[in-house]
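Please examine the sequence and the model first.

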Amino acid sequence: MAVSRVDQRQIVEVFYRFHDGEVLRHPALVVSSNDLQDIEEGMFYAVLISSKNIHPEYTIEIDPDDLIGSSQLTKKSYYVTHIMSFFSYENVIFKYNLFVKKERFNFIVEEVINNIFGPSDMG
């Protein structure tokens, strides 16, 4: 499915390439700003969503009450806050009509920053 746009806080389904080279269909949360798509057309960053809670210290359970929209995820799922990747519109298989509420999104982004970058040693 070729899409012309995704939105920050939206859940999409993408082909996700793992570090071992395996490629699987996975939902993902769009974390990059909509402005980035205007500057670099078709480019966005997203955080993996998985039904497996392999590293609980790096996951946040998805609460259906934190979501807005007419779609739903079919399984109990988690934001995997240490796995974020670059995607293009061509990578999008499906756009859910599903968005994360702003307050919860802000918390998820903070966890992504902490888990990927850790505390700054700069000062």
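Q: Which element supplies the largest share of the nonpolar patch?
A: This is a predicted model, and its surface carries a nonpolar patch of about 560 Å² made by Tyr-45, Met-84, Phe-86, Ile-113, Ile-116 and Phe-117. The largest share, 3 residues, comes from helix 2.

Q: Is Ile-116 buried, partly exposed or exposed?
A: Ile-116 is found in helix 2. The term buried applies under 20% relative accessible area and exposed applies over 50%. Because the relative accessible area of Ile-116 is 33%, the residue is partly exposed.

Q: Which residue in strand 7 stands opposite Val-12?
A: Strand 1 (residues 10–17) and strand 7 (residues 92–100) run antiparallel and are joined by 4 bridges. In strand 7, the residue opposite Val-12 is Lys-95.

Q: Which element gives the largest share of the lining of the largest pocket?
A: The largest pocket has a volume of about 680 Å³. It is lined by 28 residues, and the closest to its centre are Phe-18, His-26, Ile-49, Ser-50 and Ser-51. Two or more lining residues come from each of strand 1, strand 2 (23–30), strand 3 (43–50) and strand 6. The largest share, 4 residues, comes from strand 2.

Q: How many residues apart in sequence are the parts tied together by Asp-38 and Arg-5?
A: The structure holds 4 salt bridges, and one of them joins the side chains of Asp-38 and Arg-5, with N to O at 3.2 Å. Asp-38 lies in helix 1 (residues 34–39) and Arg-5 in the segment before strand 1, so the pair ties together parts whose separation in sequence is 33 residues.

Q: Is Glu-13, which forms a salt bridge with Arg-25, buried or exposed?
A: The closest N and O atoms of Arg-25 and Glu-13 are 2.7 Å apart. Arg-25 lies in strand 2 and Glu-13 in strand 1, so the pair ties together parts 12 residues apart in sequence. Because its relative accessibility is 11%, Glu-13 counts as buried.

Q: What is the relative accessible area of Arg-104?
A: Arg-104 forms a salt bridge with Asp-66, the closest N and O atoms being 3.1 Å apart. Asp-66 is in the loop between strand 4 (59–61) and strand 5, and Arg-104 is in helix 2, 38 residues apart. Asp-66 is buried at 18%, whereas Arg-104 is partly exposed, with a relative accessible area of 23%.

How values were computed
Residues are numbered from 1 along each chain as its sequence is written. This is a predicted model: local features need pLDDT of at least 70, side-chain atom pairs count only at pLDDT 80 or more; totals for chains, interfaces and linings use all residues. Side-chain values use heavy atoms; hydrogens and water are left out. Patches are made of residues with over 30% relative accessible area and no salt bridge: like charges are joined within 9 Å, nonpolar side chains (Val, Leu, Ile, Met, Phe, Trp, Tyr) within 5 Å. Accessible areas come from the Shrake-Rupley method with a 1.4 Å probe; for residues, only the protein chains shown count as cover. Buried means under 20% relative accessible area, exposed over 50%, partly exposed in between (1.4 Å probe, protein chains only). Two strands pair if DSSP finds at least two bridges between them. On a 1 Å grid over the protein atoms alone, a cavity is a set of points where a 1.4 Å probe fits but cannot get out, and a pocket is an open set with protein on both sides within 12 Å along at least five of seven lines; lining residues have an atom within 4 Å of a point. Grid points are joined across faces, edges and corners, and a volume is the space filled by probe spheres set on the points.
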